[in-house]
Amino acid sequence: MSEITPELVRHLGVLARIQLDDDEVQRLTGQLSVIVDNIAKVSEVATPDVPATSHPIPLENVFRPDVVGDMLTVEQVLQNAPDAAESRFRVTAILGEEQ
């Protein structure tokens with residue numbers, strides 16, 4: 001059995017700045033105890049000869065090949081821009097002077 005106590009749950013609530021009533025403290029004490037016990041069981045099973053995995057199913061890249069296609073010219077890109085200068089989009093500043 002884990003050592004999750006109502007006092008520990010209240011302390012965690014204070015650290016997380018969450019106001020917990022007595023019913024929530026009792027409920028969370030039980031739930032956190034179950035979680036900690038399950039983690040302890042998994043730790044008992046884990047052995048050094050079993051390689052760690054990040055995902056149970058091998059992942060594979062499913063993206064299409066990156067092939068260069070037809071590209072727009074600068075004039076085509078900027079033709080509908082509300083404002084442009086020196087072959088670039090011109091937008092209003094969004095950062096303050098301090099940055």
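## Helix α2

Helix α2 (residues 22-45) contains 24 residues, and its first and last C-alpha atoms are 35 Å apart, close to the 34 Å expected at 1.5 Å a residue. That expected span is 1.5 Å times one less than the number of residues. Helices are DSSP runs of H or I with at least four residues, strands are runs of E with at least two, and both are numbered from the N terminus.

This is a predicted model, in which local features need pLDDT of at least 70 and side-chain atom pairs count only at pLDDT 80 or more, while totals for chains, interfaces and linings use all residues. Residues are numbered from 1 along each chain as its sequence is written, and side-chain values use heavy atoms, without hydrogens and water.

## Buried residues and polar pairs

Val25, Thr29 and Ser33 are the buried residues of α2; buried means under 20% relative accessible area, exposed over 50%, and partly exposed in between (1.4 Å probe, protein chains only). An α-helix has 3.6 residues a turn, so residues three or four places apart point the same way. The cover over the buried residues of α2 includes α1 (6-15).

Serine 33 counts as buried because its relative accessibility is 5%. A polar atom of its side chain lies 2.8 Å from the backbone oxygen of threonine 29. At the start of α2, a side-chain oxygen of aspartate 21 comes to within 3.2 Å of the backbone nitrogen of aspartate 23.

## Valine 91 and the surface

Valine 91 is in the segment after β2 (88-89). With 70% relative accessibility, valine 91 counts as exposed. Leu72, Val77, Phe89 and Val91 make a nonpolar surface patch of about 440 Å².

Notes: Patches are made of residues with over 30% relative accessible area and no salt bridge: like charges are joined within 9 Å, nonpolar side chains (Val, Leu, Ile, Met, Phe, Trp, Tyr) within 5 Å. Accessible areas come from the Shrake-Rupley method with a 1.4 Å probe; for residues, only the protein chains shown count as cover. A salt bridge is a side-chain nitrogen of Lys or Arg within 4 Å of a carboxyl oxygen of Asp or Glu. Contact means heavy atoms within 4.5 Å. A polar contact is a pair of N or O atoms within 3.5 Å; within protein, one must be able to donate a hydrogen and the other to accept it, and residues adjacent in sequence count only if both atoms are side-chain atoms.
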